[in-house]
Structures are given as C-alpha cells and as structure tokens.
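I opened this notebook page to record what I looked up in one structure. The entries are kept brief and follow the order of my checks.

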Amino acid sequence: MTRSAILAGSLPSHLMAGRRAGRAWLLADAAWRLGPRACALYAWHRLRLRAGLARQALEGAAWPDGRALPEAVPMGSAGPARAVALARQAEGLVAEGWHGPFDAYVHALDLDLFAPGDIRPVWERNRLLALPLLALAARCDPAGGHLARAEALFADWRAANRPFLGPAWACGQEAALRALHLCLALALLEADRAPSKAMRAVLAAHAQRIAATRAYAAAQDNNHAVSEPAALFVLGLVLGDAALVRRGARGLARAVARLVAADGAFAQASPGYHRLLLDTLAIAEWFRRRHAAPEFPAPFAARARAATLWLHRVAAPGGALPRAGAGDDSALGDLSLGGPLDARGSLERAARLFCEASAGRRDDPGCAALGLACPEALLRGTDAWRSEGWMGESRGALRVLLRSGAPLRFRPAQADLLHIDLWHGDDAVLRDGGTGAYNPPPGCAWWTEALAATAAHNTIEFDGASQMPRLSRFLYARWPRCRAVPGGAALRDASGRRHERRFRLEEARLTVEDRIAGPFARAVLRWRLAPGAWRVAQDGAESAGLRVAVSADAPCRIRLAQGWESPAYGVVAPAPVLECVVAAPASRLVTVVELR
C-alpha cells in the first residue's frame with residue numbers, strides 16, 4: 001500500500017467523508033472559476049479517450065525508408081566560425097537516449113507522465129532544436145559535415161520513436177514544437193516547398209498527433225492552445241494541405257484573440273512562457289510570409305505587437321527575464337543561440353515581424369538567418385505601465401514588476417499575487433524563486449511548495465496559509481479577488497483577509513507600502529534577496545550595495561532566513577530571505593530599498 005492509502009485507511013469514516021466533501025467543494029469552485037468552456041472541452045477530451053476515439057485517430061502512420069533532409073544551400077558570407085558555434089550548440093542539446101526513464105513501447109496515450117520521473121528534460125531533447133541549428137550550420141559551411149550529422153541524428157530519432165509510442169508522442173504540444181523545428185530545418189535548407197517522401201510521412205504523423213487531442217489543448221488556456229494550431233498551420237503550408245492551413249490559421253487567430261489581451265498580457269502569467277508565445281507567433285508569421293499565405297484575421301497582428309511590447313518592457317537589457325510564475329526555460333527556434341536565459345533574440349525577431357522595429361539587437365544572427373531586415377525604428381520603453389495581471393515601472397537603471405492579478409481571468413500557476421521583482425540593470429535585487437521542476441526528483445517533493453506557495457514570494461502571508469489552496473499539480477481553488485488601486489494593487493482572499501500594496505520608484509530607491517486587514521492573527525512580509533554577504537540590521541538587512549529597511553505600526557520581528565530559488569529549470573539553490581513578522585492588529589508596513 002502507498003503511504004496515502006495507509007493514512008486514508010487509518011482515518012475514521014466521518015473524517016474521510018468530510019475530507020472528500022471538502023475536496024469536492026474545492027473542485028466545484030475551481031471548475032466555476034475556469035468556466036464552462038474549459039470544463040466542457042476537458043470533459044469532451046476525457047470522453048474521447050474513454051471511448052477510444054483519440055486512439056483511433058492515431059492509427060496508420062509509418063516511417064518509409066529514405067533520406068529526410070536535402071543538400072544544403074549555401075547562404076553566403078556567414079562562414080565556418082558561425083557554423084562551428086551552431087554545431088556546438090546543437091551538440092549540447094543532444095543527450096544520450098531519447099526516452100529517459102520512460103517506456104518507449106507504451107502507446108503515447110497510455111503513458112504515465114509522472115511516476116518514472118520528470119518528463120520535461122526528455123521532451124526538450126525530443127523537440128529537435130538541434131536540427132535547424134545543424135541545417136543552418138550546413139548553409140554556413142556546406143563542406144563541414146553538418147548536414148550528415150543532422151541526417152544521422154534525425155534517422156536515429158525516427159528509429160527510436162515509432163509513431164505514437166513512448167514519451168515523444170505523449171503530448172500534442174510537444175509534437176507541435178518538434179514539428180515547428182522540423183519545418184524550420186527544411187526552410188533553412190530551402191526544402192519546405194518540396195519535402196521528401198520520408199519527411200512528409202513524419203510531418204503528417206505530427207499533424208495527426210496534434211489533431212487527436214485538440215480539445216485538451218484548447219481547454220488549457222495556455223501555450224498548448226497557441227502552439228498546436230500554429231504547428232498545424234505551418235505543417236499545412238509545408239505539406240501543401242490547404243484545409244490544414246485554414247484550420248490552423250483559424251485556431252491560432254482564435255487562441256490569440258482569447259489568450260492575449262489588448263494590452264499584450266498573456267493568459268499564462270509568466271515572462272518565460274510569454275517568450276514561448278512570441279517565439280511561436282513569430283515562426284508562424286515568418287512561414288506565412290514565406291509561403292505568401294493570407295494574413296491572420298484580426299486582432300492577431302495587433303495582439304502580437306502588444307505582446308512584443310509587453311515582453312520588451314519586462315526583459316533586462318541583457319535578455320534575462322523575471323522568473324515569476326511557472327516556467328520551464330523553453331526557447332523555440334533559438335537561431336540566435338541565446339539559450340533559455342537570454343531572450344534578446346526572441347524579442348528582436350518578434351519586433352521586426354510585428355512592430356516594424358528593432359528591439360536594439362540590430363546584428364542579431366537569428367534574424368539574419370531568416371532574412372529579416374533590420375528596420376530603422378527602435379522599440380521604446382515605457383516609464384510606467386499596467387496590463388492585465390501586471391504592473392511595472394522603470395526609473396534609470398531600476399525596474400519594478402508587480403504581479404497585480406487584476407483582473408485574474410485565467411488560472412494562476414503559483415500563489416504569487418502582489419509579488420514584486422526589483423531589478424538593477426541585469427541583476428534581480430528582489431526576486432522570484434522560479435519553478436524548480438514540475439516533477440521534482442525523489443526526495444525533493446518539497447520544491448513545489450518551497451517555490452510556488454505564498455511564502456516563496458515577495459508578498460505577505462497570513463497565518464502560515466497560502467493565498468489559495470492547491471488542488472493538484474497545476475490547479476488552485478478559491479482564487480483571491482484582485483483589483484487595481486492607484487500606484488499598486490489589492491487582494492481579498494477567501495477568508496476575508498485583505499492586502500493592499502502600493503509602490504513608489506525613484507532613481508536609487510524603492511518604497512513599498514503594504515496595508516493589511518481582516519481576520520488574521522499573524523502576518524509575514526518576505527523579501528527574497530539576491531545571494532551575497534547579507535547582515536541583519538535593526539530594521540532590516542544590508543549588503544555592500546543595498547539596504548532593505550522595514551517599519552510597521554506594530555512590533556515587528558525581523559530575521560534573515562534561508563529560502564530557496566531555482567536559477568534554471570531542474571536546479572534549486574539556497575537563497576537569503578528577509579522575514580518581517582507582525583501580529584494583529586498591525587495594519588501597515590513600509591519597506592524602503594536603497595542602492596548604495
């Protein structure tokens with residue numbers, strides 16, 4: 001028996017019934033907040049699985065023999081040095097084995113995605129970003145043997161991943177991202193208008209896999225709903241399937257209209273996933289122009305432009321993004337070789353396509369590889385701005401990002417409402433802890449709460465409870481009510497506890513005022529600090545270049561504690577946290593952060 005089964009069996013029946021009833025109420029609450037559309041789509045997906053319809057849709061695919069990639073077309077003056085850099089990056093993306101701890105012979109729809117371990121690194125390898133990098137390397141240096149390595153890599157993948165078996169096929173979005181990379185590789189080799197028979201079979205299988213579970217993707221209201229129709233659109237162009245092109249374009253336009261607000265905010269509250277959104281839209285738009293397809297219907301162009309401007313405000317000068325919200329460090333079609341921690345290539349590509357401007361990286365090699373000319377215009381930042389769910393301001397080298405949650409239209413991935421990030425240039429002075437992993441390693445299950453709960457963010461925690469109860473790995477219930485206020489935002493949780501946060505940013509100082517009220521006994525204000533030599537002061541903490549001081553209208557107990565942060569997906573490290581504890585009837589706390 002599992003530990004949970006033993007504990008369940010040891011509880012009195014009336015307590016078990018109460019626990020089930022309480023969970024049922026939370027499920028009902030979450031369903032109400034997600035809305036009838038998402039619930040109906042998910043129910044339809046489950047019904048298709050039970051009836052075997054999704055499985056029937058995944059029949060008949062096979063890999064024919066033959067070469068999948070054509071010869072390389074030289075691109076001019078890029079030269080061997082660029083080819084070497086691309087090839088090295090490609091080698092770093094290829095680890096031994098395609099399946100990790102997952103069974104390669106189980107049908108994709110039957111695969112357990114969690115028990116064997118974290119599937120995210122396995123999926124990253126199977127996205128095949130190495131192929132467009134090697135294709136581009138072959139164009140830079142046709143005699144360098146890069147195309148032969150690409151063909152060998154892809155032949156190995158095909159042999160190891162028969163259609164719809166194993167982890168590579170377990171998720172429609174993963175099939176979509178891989179399909180976009182395959183089509184990009186063909187385009188870089190000038191073969192996307194006449195793919196080989198072997199490649200056509202592979203691409204058709206990807207379209208088949210995506211289509212089999214489209215209801216699940218649409219129900220997610222996140223990147224799944226964007227990447228899958230985008231891939232169907234691009235696959236339709238490359239396969240010459242006009243019906244697939246229309247279906248993909250229609251689905252992509254609808255997803256963008258629903259999930260990207262007019263102010264550019266994305267339903268998935270995460271700068272990292274916002275980057276993946278831009279990457280996906282940019283690749284789809286580049287293929288649309290390349291194949292002279294009709295423009296995506298409104299409001300696609302306006303929303304894509306607004307989404308580009310949103311990320312441009314949030315990104316650091318060196319391309320780093322706040323690790324707020326959930327994130328898995330995805331970078332789609334990264335021909336600029338920025339990697340997961342440098343979004344400048346993604347921003348430059350999107351700016352040229354959607355804003356007719358440069359994001360400041362005029363010599364971006366990824367844009368050059370795609371033939372995107374650099375416009376004269378330059379994207380301009382905004383000193384102070386608001387969007388759905390966020391608020392920000394810049395002053396000199398300082399930049400603030402507030403997770404306002406106002407309004408909270410889509411499901412939150414972390415209990416991070418009213419969290420603040422403070423950046424000084426490329427350095428996160430007050431920071432979010434990141435994600436850790438969606439399925440932490442054995443013995444590390446504590447990562448989830450240590451990085452996603454309210455106590456893991458720069459906000460206030462009441463009575464040791466998170467802002468909302470977690471129902472599952474990716475779902476919360478009883479979302480707080482959030483609203484915008486002048487200079488900040490406010491929330492009221494399901495227990496009636498209230499938190500209002502306002503900030504004022506100056507050239508070298510940030511002042512944050514927190515007002516709290518409602519039925520609480522104890523409140524903890526936390527500030528997650530950058531690693532360094534910190535020492536506790538009477539009213540806060542200080543380091544060589546920074547001072548954080550906290551005052552309150554009630555006795556305030558201050559201590560420097562050890563917390564945790566995830567600087568990259570799958571990595572968790574210690575991090576200093578300043579904790580300020582007050583008891584009711586405290587109602588006001590003021591934090592002053594000064595650069596010295």
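Entry 1: I note at the outset that the model is predicted. I traced an open sheet of eight strands, with antiparallel pairing. Its order reads β9-β10-β11-β12-β19-β16-β15-β14. I then asked which strands form the edges. They are β9 and β14 (535-537), each of which pairs on one side only. Neighbouring strands of this sheet are turned by 20° against each other on average, with direction ignored. As background, I recall that strands of a sheet pair through backbone hydrogen bonds.

**Entry 2: the β9 and β10 hairpin.** I looked up strand β9 (residues 481-485) and strand β10 (residues 488-492), which pair in the antiparallel sense over five bridges. Within this pair I found Ala-484 opposite Ala-489 of β10. Two residues lie between the strands of the hairpin, and Gly-487 takes a positive phi near 80°.

**Entry 3: β16 and β19.** How many bridges join β16 to β19? I counted seven between β16 (residues 546-552) and β19 (residues 588-595), and the two strands run antiparallel. Here Val-548 stands opposite Val-593 in β19.

Entry 4: I located Leu-53 in helix α4 (residues 53-56).

Conventions:
Residues numbered from 1 in each chain as written. Predicted model: local features only at pLDDT ≥ 70, side-chain atom pairs only at ≥ 80, totals over all residues. Heavy atoms only, no water. Pairing = 2+ DSSP bridges. Helix = DSSP H or I, 4+ residues; strand = E, 2+ residues; numbered from the N terminus. Axes fitted to C-alpha atoms, helices over the stretch in contact; angles between N-to-C directions.
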